[in-house]
Amino acid sequence: MIKMTCATALIAATAAMPVLAEDITITVWAGGSNEGDHYRIENIEIAADLLSREAAIHGEELNITVEGKRDFDGWDGFKQAVTLGAEANNAPHIVVTSHLDIAPWASAGYIVPVEDYVDLDAWPLNNIYSNLMDIAAYDGVQWGVPQDAESRPFFYWKDTFTQLGYTDADMAEMSARVEAGEYTLRDMLADAKKAVDMGLVEEGYGFYPRVSNGPDYAQFYQSFGGELTDPETGKLLFDRTAMTEMYQFFVDAVEAGVTRKNHIGTEWDQWYSEVANGKAAFWHGGTWHYGRYTGKEGNEDFFGTIGFTLIPAGNDAGRANTVTHPLVYLLTDQEDDRAEEIAAQLVAIASEPRLNTLHAIKSSHLAIGKAESGLDLYAGDRWASEATEVLLPHANAQPNHPSYGAFSEAMFKGLEAAWTGIQTPEEAVAEVEAQLTATLGDELIIR
Amino acid sequence: MTRQTLLGLGFLSPALLAVVMFFLLPVVLTVVFAFTNMSTSTGILGGAYQISESDLRRLPAAGVSDEAVTLLEGAGYAVQPETLALFAAEFGEDRASELEKLHGGATFDDRRAMERALKELRRNPLRKVRDRKTAAELFRVSILGQRFATEAEFQTAIADLGVPDPDRAALTTAAYTGWTFTTQNFELLWKLPATWRYALNTVLYVVLTLGFNVSFGLFLALSTFYLPTRTAQTFRAIWFLPRILPPVLYVLMWQWLTWDQGFISAMMRPFGIEPINWMRHTATHAWIFIVLINGCVGASLGMILFSSSLRAIPETQLFAAQVDGANRWQQARYVLLPQMRWPILFITSYQTLSLLTSFEYILLATDGGPGRQTEVWALAAYHTALSNYGGNLEYGLGAAYALGLVIIGILLSALYLRFFNFRELVAKPRIEQ
Amino acid sequence: MRIELQNFTKRFGDTTVIEDMSLSVASGEMVALLGPSGCGKSTTLFAISGIHRIDGGTLHFGDRDVTALPPQDRPVGVVFQNYALYPHMSVAENIGFPLKVQKLSSSEIKRRVSEMADLVQIGNLLSRKPQQLSGGQQQRVALARALVRKPDVLLLDEPLANLDAKLRLEMRSEIRRLQRETGITAILVTHDQIEAMSMCDRIALMKDGNIEQISTPSEMYERPASRYVAGFLGNPPISFLQAEANGQLALGGGNALALPNGITATGPVTLGVRPEHFGPQHRGSSVAGRVSFIEPQGREDLIDVILPDDQRLRAIVPAGHDITLGQEISWQVDLDRVHLFDAEGARL
Amino acid sequence: MNTKGNWILILALSLISAPLVIMYGFQLIDSISRPAPGGIIPQEWELTNWRFLWTSIDSARPSIWRVTFNTFVFASSTALLVCAFSITAAYALSRLNFSARRFFLAGLIMLHAFPTITLIIAIFIVLQFLGLYDSLMGVILVKAALELPFGIWIMKGFYDSVPWEIEMAGVQDGASRFRVWRELILPQVKPGLSALLIFSFLAGWSEFILPLVLAPGADAQVLATYMNAVIADDTRPDYGLFKAIGMFYALPVIAVYLLFQKRLMNIYGGGTKG
């Protein structure tokens, strides 16, 4: 006899119940969300309104109260709160979090698959880009729904670029050249050096990378031919050569004087203000930076001053790439399965193109579905349209692997050691390798 | 039991209850955790039984036969007489026969495909998503990805599936998602080169900060000792504030002082010194500021304790020294300092223990950087157990780190207790009945 | 109220401080426990008060066995060396505290407090706090507090040690007056022989947890039971000479004294001579020596005499003599008043 | 010579204290002014950084007054609990003669060696078991328990310095040990008690990890988490705002310090003998 999961059994049971007024409270916690990201919660509220109306048409009275919370003390605090809440059986119904949390949280039983409750082949979920849907899946199960998309482009300051001798036509072709691997990170380094030598930018401002760990650094690993997972086995992959070359690239940048030795740990505030105002020649960031550059930092002519491309390839083995790190809506395991079901429906409704576009444009993120580019709000936003076109097709995500966090952490610590000159790239790679072999064991392939 | 014992235990019990419940018990639990592989993935309060797709490739290594793996791997959903019978019982014979006609004998890899198949029913369609979900479940023949709350349920399920008897035990072990006991945390700590570096960093941190605390606390106490009361109070206030200011705020002030556009850089600019991040420029910079930040907090303790023991030294001794022509330095060196041996020793031992386990200021200031150069043991414990970008927090390993500290702490405090004559400290109460 | 301490033994951990000591104090009597620090006198006091447990033996107040009673239940008042006044309470509250504990009515407390305050002559200080009082006044408050609940026994632990010399003299007679007026049985612990002798009916001289001798002050001064007792009492102290008894007392260097009446001992003995019993003004056996030191005291002078065998004797000589330093003298010892001790220090 | 020597000392001390004073000073100045971009010299004076006092700075954040109230409740309950538990426990350890006393004292010292924050997962389990997870009560109990060894140790020091004779006199006057403690000894350690009260209050005021992790949903946001959440907002960090909030956060601490300076200093004087 094959067992049914309790969840579906219960749904069947509730379906047969007589119609009654139903009051339900759905809590939504959004991690890493600032003022501009308020639609992560508000879209659920709008969805709740829609769902109530749908129920009313069937003659059912469904009152949904949505309680949102997003003022967490950074990601650490948010994740601690969610996991401990889940252990205590009072996790919020819906969480908005990194897709990287899916693997550990699924294994711990904190979350339930969204596919248990909604039809993935129906609107609006069938409209979502399938590569994004895959990012919210793990082990063949669709656990969550992408909440937004972004990608992490490479930026250059157009003025500086012109003074380096590039024409407007060159700049128009930049994206294509980078994509084709004709303009590499090494070329960039040479240009950056030139910019410093010519005094176009101050020393240390030729190439001005992200100041803390993040998915961005996985891009550089990929630029030098590294892959994060082995597609055959799904195990994590540590490519010694790619890693060494990537470390070496940053060491060279420091030695050439285009990047500061103590760059890591620079204040974000300072960093934003500098890149948005042309103090740096090259840098990389995220699509959502657009909002900050044009907003608080007061860059009124974004497209006239800043150009963007994929992260260039580093060598022949590598490829131009960009990492997307979408946040996802996840449903937590609740004692009340009806709450899970309603939460799932709310998530589905909140993924409607119109609702998601509100979030995308308000927070300078990218669309999750094809239909969004057909909406005026989205199409009318030059940044969203261009970035979607140039970046999103080439975006890949970091793997949903329970140990990816350890991998990423170790990779960055090693990079920091090499960057700051505490170890040579070879030493740093050797230590990272030793550590990862010890911690991940069988889950890691060394190449 | 005497009346005093009763009263003593009675007086002690509220504090004892609180400390045992919220301090001692967690300590014991932490010791237990150190011997587990507990992490976010395993959950904290227990696990379930589940074999997922990615587990399959691990199974052979766990001692499960290939035959069993193939069984488990088998297609997820099958339209076959047994499952059709279940479907017919729930949703009617006519639907079942239509489906048999459409997909009889077919297998589907995932539920999505099964649901698509169900959507093809035309004569009497399953209109509701919920019904299709329920119906799809009826065709499930695989247990992949299914979660079983108890071992018994899992055993039944694999028995139904026909997993050969010898494989069942290994399969059950492999399927458990909760934490298990292991000593690998300690093996790992032993093997990792970083562990030893953190240990070294901790020693460096404790020794340097302690040195700063004691010598600077002494300096403050001695110098304010000679000043008029009001002036002395002002300086003491300046140096006491770091201790009571909220750490988040206090460290932020230092950040402001040291970052590229901060105060030091701005002051140095006219002298042609390029602005740098003075706290993070090199490991040496970082260490200097770590010691200063922690030192200014710790020095106030020394300052106050030393000040009060200085006041206890009879003034006549100073007069005598002055008459003998000793200058202040000589007075401090030959008259005052020798009498401060015990307070100095006390501060040293007390703060060694405090510093060993403290990391809050480092976390806020450099977060162990640059390049893990200022990562101390306690901070590593925190990072491992409570802060991980990828979301998988390693509670067990973190607890192992903490346990290392606890052992060192207990050894040290035992040593200090001998040193400070514990017997005297706990001298018998003088009222005996 | 009679105090009867029998076979008292006290241990702290593994060390026995007092073993098998017995002490009996008659009703209305005041007895001093005298001895150097560490001799066990305070321990004995605390055992009687109940603060220390009695590890062996019994304690009776009158016919009542109080051995196992906690301090709260013993009819004992104690005055401590530092007075132990409660700093946060006024004088009246301090004195009234024992009555408050007994749950007396506040008017009753008030009456008895003022009665007691009058007795110790501090009626005008009742509203003050202890730190506003002089040492002598604090002492009086402490006495009042100890006596206010009319205990059967008054224990005084070095009550005068913290006072200056003048006050000490005053309080000595004051305490004695109070004790006489109230008729209370009292035990005084002190290391000061003058206090013990001037205030008490009897003195128990203690050494290493034992009572060496218990008797009236004059009896103890005049007939010390041991060399230790003789050496402890007397100021300036007694001089001891080593001598050989063989029909007479042979001192070194040719000096010899006759054996005092009734002494038949032979062999090595110790001779104790108080300064007031040696000098040119006495009659008896004479000893020759040289004056080595003269210390004028006003009414009389102390004179150290060094004997030919380097032993020393001290004399009190009325002022107005013509003795000079280095003078060879031959002075008399009052043989009726000297003390002889055997090799173990016991009186012969 | 003395005054000249003093001037040299004051000069040396001032130089050494300068960085701290500058930091304190600019904390205040920056909160009420706007510096030139990239500079440190204030350009105009303005109070906009203090806007959080009367408006909400972000739709998701509760009002500052609510948060301040929470912080106050958290800090003062913790302080009261620590004091209430310490005064009895410390008395027992200092003065009462009972069998397990030595054992408890040694344990107390050992507890000092624990990195408390790494206990948080285990503490969670205990709270969960008691049903106190995600409640302010639970966090208060935990914080109090973690502060208790320190509190007991400090109070024991104060009890140790009360003369035994006072206690003996009380007992001799016929009062029970409890009464002696209540009426005679407790008034003597009042200075210590108030120092401990202030100190535990300040410790509670600064705490941020415990409420953050153990009561995430219970509206238990405190000033430390509030302030940290403001920094965590990396798209719109606002240093002036941050400094103003910091100033607001620090004001009670400074006020408490100025008011109770002597008593705070007491805590070490009395508490660390031995």
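These legends walk through close-up views of a predicted model, in which local features need pLDDT of at least 70, side-chain atom pairs count only at pLDDT 80 or more, and totals for chains, interfaces and linings use all residues. Residues are numbered from 1 along each chain as its sequence is written, while chains are lettered from A and ligands numbered from 1 in the order in which they are written.

**View 1. Chains B and D meet.** Let us start with the pair of chains, B and D, that has the most contacts among the 5 pairs that touch. Here 79 residues of chain D are in contact with 75 residues of chain B; two residues are in contact if their C-beta atoms, placed from the backbone, lie within 7 Å. On the chain D side, helix 1 (residues 2-31) gives the largest share, 13 residues. Helices (H or I, at least four residues) and strands (E, at least two) are DSSP runs, numbered from the N terminus. That side of chain D holds 56 nonpolar, 18 polar and 5 charged residues. Ala, Val, Leu, Ile, Met, Phe, Trp, Tyr, Cys and Pro count as nonpolar, Asp, Glu, Lys and Arg as charged, and the others, Gly among them, as polar.

**View 2. Helix 1 of chain B packs on helix 4 of chain D.** Helix 1 (residues 3-33) of chain B and helix 4 (residues 120-130) of chain D have axes 8 Å apart, at an angle of about 120°. Axes are lines fitted to C-alpha atoms, for helices over the stretch in contact, and angles run from 0 to 180 degrees between N-to-C directions. Helix 1 of chain B is therefore oblique to helix 4 of chain D; angles under 35 degrees count as roughly parallel, over 145 as roughly antiparallel, 65 to 115 as roughly perpendicular and the rest as oblique.

**View 3. Two helices cross within chain B.** Helix 11 (residues 193-226) and helix 15 (residues 283-311) of chain B cross at roughly 45°, and their axes come within 6 Å. So helix 11 of chain B is oblique to helix 15 of chain B. Their contact draws on 16 nonpolar and 9 polar residues, with no charged ones. Helix 11 of chain B passes helix 15 of chain B in a right-handed crossing.

**View 4. The two domains of chain D touch.** Chain D is divided into domain 1 (2-46) and domain 2 (57-271), with bounds from an automatic or database domain assignment. In this view, 5 residues of domain 1 of chain D are in contact with 5 residues of domain 2 of chain D. Helix 1 of chain D supplies the largest share of the domain 1 side, 4 residues.

**View 5. Chain C and its two domains.** Chain C has 8 helices and 20 strands, and its C-alpha trace spans about 80 × 45 × 35 Å along the principal axes. Domain 1 (3-229) and domain 2 (236-341) make up the domain assignment of chain C, and their centres, taken over C-alpha atoms, are 40 Å apart. Chain C does not touch chain A, the nearest C-alpha atoms of the two being 49 Å apart.

Notes:
A crossing is left-handed if the near helix is turned anticlockwise from the far one by less than a right angle, and right-handed if clockwise.
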